[in-house]
Amino acid sequence: MHQATVTAPPLSDAQHAAIRQAVEAHQSLPGALLPILHAIQDALGWVPADAVPVIAGALNLSRAEVHGVISFYHHFHTAPTGRTVVQVCRAESCQAKGGELLEAHAKQQLGIDWHGTTADGAVTLEPVYCLGNCACSPAIRVGDEILGRMSCARFDALIAGLREEVAA
């Protein structure tokens, strides 16, 4: 199994402008760091390393403080992701209901490991530690949708559907 990852390309002028715009629009808010990070993630799909010193300077924080928040929350990506992010729950309830088998199957089916992106750029696979859907374990999240009682067969059908959407 290989891990096809997307290397962060140099930022364009438009991406730099989006970072500055997010900072300027939110820096006066109480607790501005999270709104800024969300705005950048929403605009670019990830939070580039180049954004960290800009945010830190605007909020009078250290770069380490900004990076610590980015790395703490699984929602924030530090590199471009695939067109679809699939998160597999690794919490105890999901593990007890077949989550380990689902994890192994997902990695094998996609040909990637955690945090990898398929060679075609279609899917990024991530672990997540509780989706709050324990009664319907094992669970995954695809984009913003949480899907419970996920089997290997349902996973395969889901991935096939995602790839058909891209091909259409």
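Author: The four strands form an open sheet in the order β2-β1-β3-β4, with mixed pairing. This is a predicted model, where local features need pLDDT of at least 70, side-chain atom pairs count only at pLDDT 80 or more, and totals for chains, interfaces and linings use all residues. Residues are numbered from 1 along each chain as its sequence is written, and side-chain values use heavy atoms, leaving out hydrogens and water.

Reader: What makes β2 and β4 stand at the edges?

Author: β2 (123–128) and β4 (145–147) each have a single partner strand, so one side of each lacks a neighbour in the sheet. Strands are DSSP runs of E, at least two residues, and helices are runs of H or I, at least four, numbered from the N terminus.

Reader: How do you know that β1 and β2 pair?

Author: Pairing requires that DSSP finds at least two bridges between two strands. β1 (residues 84–89) and β2 have six bridges, in the parallel sense. At one of them, Thr-84 has Val-123 of β2 as its partner.

Reader: Which strands does α6 lie across?

Author: Helix α6 (residues 152–167) lies across β1, β2, β3 and β4, at about 10 degrees to β3. Axes are lines fitted to C-alpha atoms, for helices over the stretch in contact, and angles run from 0 to 180 degrees between N-to-C directions. Contact means heavy atoms within 4.5 Å.

Reader: Why is Phe-72 called exposed?

Author: Exposed means over 50% relative accessible area, buried under 20%, partly exposed in between (1.4 Å probe, protein chains only). Phe-72 has 63% relative accessibility, so Phe-72 counts as exposed. Phe-72 belongs to helix α4 (residues 63–72).
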